[in-house]
Amino acid sequence: MHNRNAPVQDFHFIDSTLREGEQFRGTHFTIDDKKEIARLLDRFGVEYMELSTPVASPQSAEAVRALADMPRGFKLLTHIRADMDDAKLAVDCGVDGADVYIGTSNYMREYSHGKSLEQVIEMGQRVVEYLNEQNIETRFSTEDTFRSNFADVMTVYRAMDLAGVDRVGVADTVGIADPLSTYNLISNLRDVVNCDIEFHGHNDSGCAVANAFCALQAGATHIDTTVLGIGERNGITPMGTLIARLYTCDKSLVEKYDLPLLGEIEDLVARKLGIVIPFNTPITGEVAFHHKAGVHTKAVLQNPTTYEAIDPDDFGMSRFIDVAHRLVGRNAIRNRALTLGLELPEDMLRLVTTQVKALADLGPITIRDVDDILYELMQPVED
Ligand code: HCA
Ligand code: CU
């Protein structure tokens with residue numbers, strides 16, 4: 001397929017369901033919940049999992065230790081402030097890496113920690129140097145990057161790169177970035193640092209997936225995601241939708257993951273949170289592969305690619321051809337008849353289609369109504 005997009009290089013997912021996701025309304029994961037979610041995401045193939053800081057509460061610390069002891073393929077991270085005590089506790093809990101963050105916007109500097117840029121850099125350097133000595137993978141991010149002064153954040157990133165971080169992180173904390181501003185910021189950053197680049201994007205204005213994708217096109221190497229996009233407010237980049245985006249760009253980008261597990265992972269997290277998977281979620285939402293209009297169903301029955309950018313088989317999902325409505329076409333009716341083991345001549349199919357449309361014009365109908373019409377016409381005519 002011809003692809004005019006800027007190419008996406010190899011990348012890693014940092015699943016933050018157990019950190020950013022813990023900040024979602026009503027989330028309450030027990031340690032067993034955390035292990036269960038981690039095991040499934042491990043099987044799926046996420047490269048990193050980020051957990052809430054052990055400073056948050058005794059259970060949070062215990063959870064980090066428990067996951068550190070678990071056999072796993074992903075690297076275990078925790079999310080800490082640029083603070084030596086936080087860093088020491090993270091190391092003590094046995095993590096592979098620490099995601100260090102500090103606010104750089106005027107809002108954060110004035111209303112959150114009240115530090116100057118020089119102080120931010122100094123605190124960051126101290127923590128990064130300590131973590132490096134402990135052989136801990138380090139990332140340093142500037143919270144609220146997009147509302148920070150551009151020159152300031154670039155100064156911080158460069159200083160942290162020189163201090164030896166493995167990654168710098170760009171955070172769209174309040175969800176105001178758009179794909180172009182994300183692309184531009186990350187491209188500029190790519191020229192300023194040699195280390196890896198992570199992107200963390202909130203979804204307040206609906207751009208979290210598009211921004212993450214553009215970040216990858218601009219040279220980001222790591223993307224923060226959560227299952228179903230859960231997080232503060234309306235959350236961050238949902239892993240499943242980002243996978244859909246990457247798949248439609250180039251399927252081979254996501255074949256490293258165990259794609260048929262996606263639905264199971266989302267079901268598990270949704271169940272634990274007492275929420276449902278939104279109906280229009282790409283890939284796993286209940287209408288993701290629902291085909292309705294006659295023109296569509298005719299083509300899909302011959303070649304699904306005509307109206308499907310994603311093959312449901314790749315995700316263990318199935319497509320649905322809807323026949324119970326007034327937009328139905330003869331080919332969909334034939335297909336339904338064949339499913340029932342009925343082979344109808346063309347004139348009969350035409351008649352059924354007309355009758356279904358007439359009935360559907362009177363009000364909503366179900367597949368049972370369609371089947372009734374089919375069976376009725378199959379009855380031998382009695383004299
Ligand atoms: C928050 C922090 C954070 C951190 C992101 C990062 C954000 O506000 O809870 O570590 O890069 O969105 O800024 O999630
Ligand atoms: Cu966040």
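## Parallel strands around S4

Two strands pair if DSSP finds at least two bridges between them. In this predicted model, strand S3 (residues 75-81) and strand S4 (residues 97-103) meet that condition, since five bridges join S3 to S4 and the cut-off is at least two. The two strands run parallel. One of the bridges pairs Thr 78 with Ala 98 in S4. Between these strands comes helix H3 (residues 84-92), and S3, H3 and S4 together make a right-handed β-α-β unit.

Strand S4 is also joined to strand S5 (residues 137-143), by seven bridges, and these two strands run parallel. Here Val 100 has Phe 140 of S5 as its bridge partner. How many of the seven residues of S4 are buried? Six of them are, so S4 is largely enclosed by the rest of the structure.

Thr 104 lies in the loop between S4 and helix H4. Is this residue buried or exposed? Its relative accessibility is 0%, and Thr 104 therefore counts as buried, because buried means under 20% relative accessible area.

The side chain of Thr 104 makes a polar contact of 2.9 Å with the side chain of Ser 148. When neighbours within four places in sequence are left aside, the residues in contact with Thr 104 are Arg 109, Val 120, Thr 142, Glu 143, Ser 148, Val 153 and Val 156.

## Helix H6

Helix H6 (residues 150-163) has 14 residues. From its first C-alpha to its last it reaches 20 Å, close to the 20 Å expected at 1.5 Å a residue. After the helix comes Gly 164, which has a positive phi, near 100°.

The buried residues of H6 are Asp 152, Val 153, Met 154, Val 156, Tyr 157, Ala 159, Met 160, Asp 161 and Ala 163. An α-helix has 3.6 residues a turn, so residues three or four places apart point the same way. Against which elements do the buried residues of H6 pack? They pack against helix H4 (106-111), helix H5 (117-133), S5, strand S6 (167-172) and helix H7 (179-192).

## Strand S7 and its partners

Strand S7 (residues 196-201) pairs with S6 in the parallel sense over six bridges. Within this pairing, Gly 169 stands opposite Glu 198 in S7. The chain passes from S6 through H7 to S7, and this β-α-β crossover is right-handed.

S7 also pairs with strand S8 (residues 222-225), in the parallel sense and over two bridges. Phe 199 has Ile 223 of S8 as its bridge partner. Together with helix H8 (residues 208-217), S7 and S8 make a right-handed β-α-β unit. Five of the six residues of S7 are buried, so S7 is largely enclosed by the rest of the structure.

## Salt bridges

The structure holds 24 salt bridges. One of them joins Glu 198 and Arg 167, with the closest N and O atoms 2.8 Å apart. Glu 198 lies in S7 and Arg 167 in S6, so the pair ties together parts that are 31 residues apart in sequence. Glu 198 counts as buried at 0% relative accessibility, and Arg 167 is buried with a relative accessible area of 1%. Both residues belong to a network of salt bridges that links Lys 75, Asp 99, Glu 137, Arg 139, Arg 167 and Glu 198.

Another salt bridge connects Lys 272 with Glu 36, the closest N and O atoms being 2.9 Å apart. This pair links distant parts of the chain: Lys 272 is in helix H10 (residues 262-273) and Glu 36 in helix H1 (residues 31-44), 236 residues apart. Lys 272 is partly exposed at 27% relative accessibility, and Glu 36 is partly exposed with a relative accessible area of 33%. Arg 147 and Asp 144 also form a salt bridge, with the closest N and O atoms 3.0 Å apart. In that pair, Arg 147 counts as partly exposed at 33% relative accessibility, whereas Asp 144 is buried with a relative accessible area of 1%.

Key: Residues are numbered from 1 along each chain as its sequence is written. Chains are lettered from A and ligands numbered from 1 in the order in which they are written. This is a predicted model: local features need pLDDT of at least 70, side-chain atom pairs count only at pLDDT 80 or more; totals for chains, interfaces and linings use all residues. Side-chain values use heavy atoms; hydrogens and water are left out. Buried means under 20% relative accessible area, exposed over 50%, partly exposed in between (1.4 Å probe, protein chains only). Helices (H or I, at least four residues) and strands (E, at least two) are DSSP runs, numbered from the N terminus. A crossover is right-handed if, with the strands pointing away from the viewer, the path from the first strand over the helix to the second runs clockwise. The expected span of a helix is 1.5 Å times one less than its number of residues. Contact means heavy atoms within 4.5 Å. A salt bridge is a side-chain nitrogen of Lys or Arg within 4 Å of a carboxyl oxygen of Asp or Glu. A polar contact is a pair of N or O atoms within 3.5 Å; within protein, one must be able to donate a hydrogen and the other to accept it, and residues adjacent in sequence count only if both atoms are side-chain atoms.
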